[in-house]
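Work through the exercises below with the structure open. Each task is followed by its solution.

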Amino acid sequence: METKENSIFENYFKDFSKYDELLTSELTIKPDWKILLDNLLKIGSKELAAKQSEIDWLLAENGVTYNVYNDPNGLNRPWNLNIIPFIIQQKEWELVEKGIKQRSELLNLILKDIYGERKLLKNGIIPPEVIYAHRGFLRACDQIDYKTAKTLLIHAVDLARGPDGRMWVVNDRTQAPSGMGYALENRFSKSKVIPEIFDNIHVTQPSEFFKDFNQLLLKAAPGNKENPNVVILTPGPHNETYFEHAYLSTFLGYPLVKGNDLVVRNGKVWMKSLKGLKQVDVILRRVDDAFMDPLELREDSYLGVAGLLEVVRLQNVAIVNPIGSGVLENPGLIPFLENICKYFLKEDLILPQIASWWCGQEKERNHVFENLTSFVVKKIDRSQRENIIFCEFLSKKELKQLKKNILANPNQYVAQEKIYFSTAPNFINEKLEPRKVLCRTFSIAKGDQYSVMPGGLVRVAAEREKLFVSNQRGGTSKDFWVIGDQNQAHLALYSWNKSLPNNIASINDVPSNTAENLFWSGRYVARTLLTARYIRMVLNRMTNVQYNNKYLPDPECLNILYHSITTITSTFPGFYDEENAEALLKDPLKEIVSVIIDEKRIGSFAQSLQSFNGSYFTLRNLWSKDMWRVFDSIDKIWKNFKSEENYSIYGLTRFFDKIITRIIAFMALTEESIMVKQGLLLYFIGLQLEEASMTIEKFRALIVVNHDEDLEYEILESLLSSHESLNIYRYSYKSYLSLENVVKLLLLDQEYTRSLTYQITRLQKDISKLPNNNPNGEPTECLKNIEKALSLVQNIDIDSILEVDSETKIRLKLDQLFSKLSDLFHVTSMSISDTYFNHSLQQKQLVKRNITN
């Protein structure tokens with residue numbers, strides 16, 4: 001081999017013993033991989049390493065994540081894509097594709113039979129225990145009829161190269177198979193970062209498959225409804241593949257909803273929108289079977305929709321895939337599939353599958369016991385997420401216990417031949433290294449046939465000798481290429497059926513849960529920003545005092561500002577803790593740091609930022625990639641800051657300088673990313689409501705109490721600085737700071753965007769644009785309340801409102817005004833929630849019932 005090849009292949013052959021995708025048994029390069037290898041060598045290992053880093057950066061920047069349960073670092077863990085693709089020739093793929101279509105049709109017939117005539121059970125082709133002992137079999141789904149041409153609409157197949165060099169079926173996924181979106185993102189990322197890797201290679205693009213997928217969803221609607229309402233049902237942002245749920249929602253253009261967005265009324269499923277209820281025709285679900293209907297299935301589920309199964313029975317909604325399809329993921333079916341195929345299709349299985357023995361049969365169980373160390377043992381019920389048992393690694397004691405467990409419940413166990421997955425090259429540390437791979441591709445119903453995705457998702461073992469190939473266990477991924485002889489574009493264009501009517505969505509169509517999250521997203525981002533600005537202002541005042549009065553106690557103005565931090569953030573007792581008052585004022589930085597970093601402290605900056613983060617992930621299908629990049633930089637700055645051991649005034653100020661500019665950038669991008677009719681209006685309402693509320697809190701903390709002239713000047717300057725209004729004040733008034741002018745600017749100016757009057761006026765305009773669901777056309781309660789607030793500020797008499805009570809030294813009228821406004825803002829927020837975000841409690845079963853079968 002040439003020098004470059006020797007360099008990139010260093011140590012690739014050291015433990016070559018099984019099937020490798022790249023190499024022949026004589027350790028020469030297979031013709032299928034030759035052009036790709038030439039491209040890799042032409043690019044060079046140094047440039048490949050740089051491109052790999054760029055892919056890693058791009059995926060992180062685009063927010064491509066994969067959550068890992070019970071992993072402290074698992075939530076929103078970056079998705080990994082290796083730069084070296086997995087390739088398969090079109091000629092071989094045609095046979096694989098034919099085998100997948102056959103398998104999809106077979107599973108479709110099995111699903112119809114299990115919940116229909118049950119010929120397979122009646123004729124003894126499948127033992128009843130294989131079906132009835134599996135949690136995936138749901139009795140509530142028995143005899144449900146479907147109007148779609150196929151019952152099984154989506155089927156994912158896990159494939160691995162077997163010992164004979166053929167692609168073998170390892171698993172079938174039929175409940176809510178994941179990976180489609182990740183496969184598409186892998187292709188987009190690879191094409192964008194390193195298009196030269198495709199040179200002279202004709203990679204089949206999946207654009208036609210995704211067109212078929214979109215048509216599947218549209219045509220699944222009952223009654224062939226024109227322009228049906230399709231939604232994507234997600235368990236929420238903590239689900240392991242939530243990125244993909246949001247990604248497909250954005251890619252396909254269908255709303256992403258949670259269970260409490262939907263409700264059953266009059267035998268139909270409805271989406272709760274701002275305007276009211278909107279009928280749902282098709283649900284693409286990413287929620288497992290048992291959680292889909294708490295009324296008939298798992299009564300403790302908050303992920304589904306109560307009464308959904310009855311709507312399915314009435315054929316008023318289509319579920320993709322049908323509830324109950326998880327029974328097909330049962331590995332106990334595998335030993336019987338060959339006979340089932342002959343029974344239904346009069347054919348042999350085209351694709352080989354792992355040799356399996358169900359332990360519920362005495363002869364097969366004895367065979368398993370006699371050769372136990374040669375097998376991999378698993379329970380047929382995947383829903384309990386038990387580990388796969390590699391018997392060759394068990395001790396004699398453990399083998400004995402396993403036999404005992406099997407004998408106690410033989411119907412629950414299946415033993416499978418251990419096959420060695422083939423290896424494919426992964427680019428690691430500027431070298432190629434063989435790693436075990438598992439391929440997943442997808443089959444979808446298309447008329448009375450099935451359409452198979454050309455390629456799919458390849459998962460790669462985390463380490464060279466690793467047996468497990470799993471993202472949950474730290475694996476990476478590959479782009480999956482099917483290569484042929486015809487020219488292909490590097491990146492296909494995706495467009496849907498132009499014959500569909502162009503119905504433009506309006507604010508009325510926004511799901512109520514999305515609207516609520518947008519509302520609170522606006523409140524949280526405003527609270528985070530204003531809290532950061534206020535604390536930064538206090539830190540700057542502390543710096544000035546320390547510099548000018550290094551050995552003197554803090555002046556009275558600072559003490560007032562310290563207490564105002566507690567008031568504005570509501571982190572009581574804080575600086576109002578009388579028992580520790582002396583210690584708090586002696587070392588105020590300690591308390592300020594707690595208000596900044598304590599995530600468990602209600603009202604802290606950390607908790608506001610945490611709430612902001614949570615609202616972002618809930619709505620990530622709406623945000624742009626630029627927003628994700630800014631958000632990611634905020635997250636990195638926060639994590640770096642939290643890892644520091646000692647905090648100084650300078651360090652805290654520098655942190656806020658960084659975080660504030662990025663929050664402002666995020667807010668600006670929000671207005672560019674979504675339209676008012678997509679729900680931006682709710683974001684604006686939440687934002688203005690929070691800004692108005694915090695404006696009042698700052699005035700109450702600093703201005704209500706009367707102070708002498710010099711102290712008042714310092715306080716006014718601090719207030720204007722925290723409001724980012726000091727320069728505007730000087731430009732507008734060109735005078736000595738006066739309370740009257742500050743009130744005019746920050747409370748009463750109708751054109752200044754930071755003034756309270758402007759904020760309330762904007763709230764009144766935005767709230768008036770929300771749907772009015774009152775039958776008589778009367779203004780909504782939230783609009784009435786905000787109009788009362790607007791009337792209060794518009795009728796302020798400055799001279800009267802600033803009067804100081806001679807006894808208390810407090811501006812009582814000003815305090816009373818702020819109290820009324822604060823109450824009105826609170827009831828406005830509550831009435832918005834009651835009117836537009838009313839997610840009624842989910843229905844529950846009145847009688848406990850056995851839900852395991």
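**Exercise 1.** Classify Cys141 as buried or exposed.

Solution. Cys141 has a relative accessible area of 1%. It is therefore buried (under 20%; exposed is over 50%, partly exposed in between; 1.4 Å probe, protein chains only). Cys782 is buried too, at 0%.

The model is predicted: local features need pLDDT of at least 70, side-chain atom pairs count only at pLDDT 80 or more, and totals for chains, interfaces and linings use all residues. Residues are numbered from 1 along each chain as its sequence is written, and side-chain values use heavy atoms, without hydrogens and water.

**Exercise 2.** Describe how helix 18 packs on helix 19.

Solution. Start with the axes. Those of helix 18 (residues 605–618) and helix 19 (residues 625–642) come within 12 Å and cross at roughly 150 degrees. Helix 18 is therefore roughly antiparallel to helix 19 (over 145 degrees). Next, list the contact (heavy atoms within 4.5 Å). By class, the contact has eleven nonpolar, one polar and one charged residues.

**Exercise 3.** Find the relative orientation of helix 23 and helix 24.

Solution. The axes of helix 23 (residues 726–733) and helix 24 (residues 739–748) come within 11 Å and cross at roughly 115 degrees. The two helices are therefore roughly perpendicular (65 to 115 degrees). Ile728, Tyr729 and Tyr733 of helix 23 meet Asn741, Val742, Lys744 and Leu745 of helix 24.

Methods
Axes are lines fitted to C-alpha atoms, for helices over the stretch in contact, and angles run from 0 to 180 degrees between N-to-C directions. Helices (H or I, at least four residues) and strands (E, at least two) are DSSP runs, numbered from the N terminus. Angles under 35 degrees count as roughly parallel, over 145 as roughly antiparallel, 65 to 115 as roughly perpendicular and the rest as oblique. Ala, Val, Leu, Ile, Met, Phe, Trp, Tyr, Cys and Pro count as nonpolar, Asp, Glu, Lys and Arg as charged, and the others, Gly among them, as polar.
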